[in-house]
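Colleague: I'd like a close look at one part of this model. Could you walk me through it?

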Amino acid sequence: ESVGDGGAIKLAAALAGNTKLQLVDLWHNGVGAAGAKALGAAIAKNTVLKRLYLNENPLGAEGAKGIAAGLAKARGLRHLWLTRTNAGDEGAAALATALAANHVLEALDMWACGISGAGAEAIAVALKGRHDGLRTLELRGNAMGDRGARAFAALLPTNKPLSTLDL
């Protein structure tokens with residue numbers, strides 16, 4: 001049986017006071033928007049958790065927005081995996097806004113999330129001119145096309161920390 005939203009909500013409540021757990025892997029566990037929103041609130045408060053893996057969960061745009069809300073305030077999280085979560089352009093835009101505020105996340109994986117050129121461009125613009133933060137960005141399997149490629153081409157000369165870009 002999957003963890004689902006109910007389990008993710010309970011786990012998020014426990015993470016709020018966590019002082020030891022550094023990795024949570026909820027890969028393919030039926031976590032939807034409600035669970036993601038709770039986890040987003042938890043990562044905003046938790047400074048110990050370093051890695052959160054939510055791959056292959058039906059988060060959708062609303063779930064990605066919940067994670068983004070927490071990511072904007074997070075000071076501990078270093079790696080966030082959101083592969084195949086159907087975040088789409090709306091979720092990518094929310095995460096882009098969070099990335100503009102977050103300077104500690106080092107790796108973001110949004111492989112095959114239904115992101116088009118518009119979502120890719122939002123992420124690239126958020127990272128432009130940065131001298132700290134994100135080092136690895138994985139966006140392969142998204143239909144970002146020429147618009148996305150142009151946005152990342154414009155980003156590269158101005159972004160210092162990014163060392164791995166997978167389109």
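Is Y53 buried or exposed, and what is its relative accessible area?

Modeller: Quick caveat before the details: this is a predicted model, where local features need pLDDT of at least 70 and side-chain atom pairs count only at pLDDT 80 or more, while totals for chains, interfaces and linings use all residues. Residues are numbered from 1 along each chain as its sequence is written, and side-chain values use heavy atoms, with hydrogens and water left out.

Now, Y53 is buried, at a relative accessible area of 15%; buried means under 20%, exposed over 50%, and partly exposed in between, with a 1.4 Å probe and protein chains only. For the cut-offs, rings of Phe, Tyr and Trp (its six-membered ring) pair if their centres lie within 6.5 Å, with planes under 30 degrees apart counted as stacked, over 60 as edge-to-face and the rest as tilted. By that rule the count is 1 aromatic pair.

Strands here are DSSP E runs of at least two residues, numbered from the N terminus.

Zooming out, β2 and β3 belong to an open sheet of 6 strands, ordered β1-β2-β3-β4-β5-β6 with parallel pairing; two strands pair if DSSP finds at least two bridges between them. At the edges stand β1 (23-25) and β6 (164-166), each with a single partner strand, so one side of each has no neighbour in the sheet.

Notes. Helices (H or I, at least four residues) and strands (E, at least two) are DSSP runs, numbered from the N terminus.
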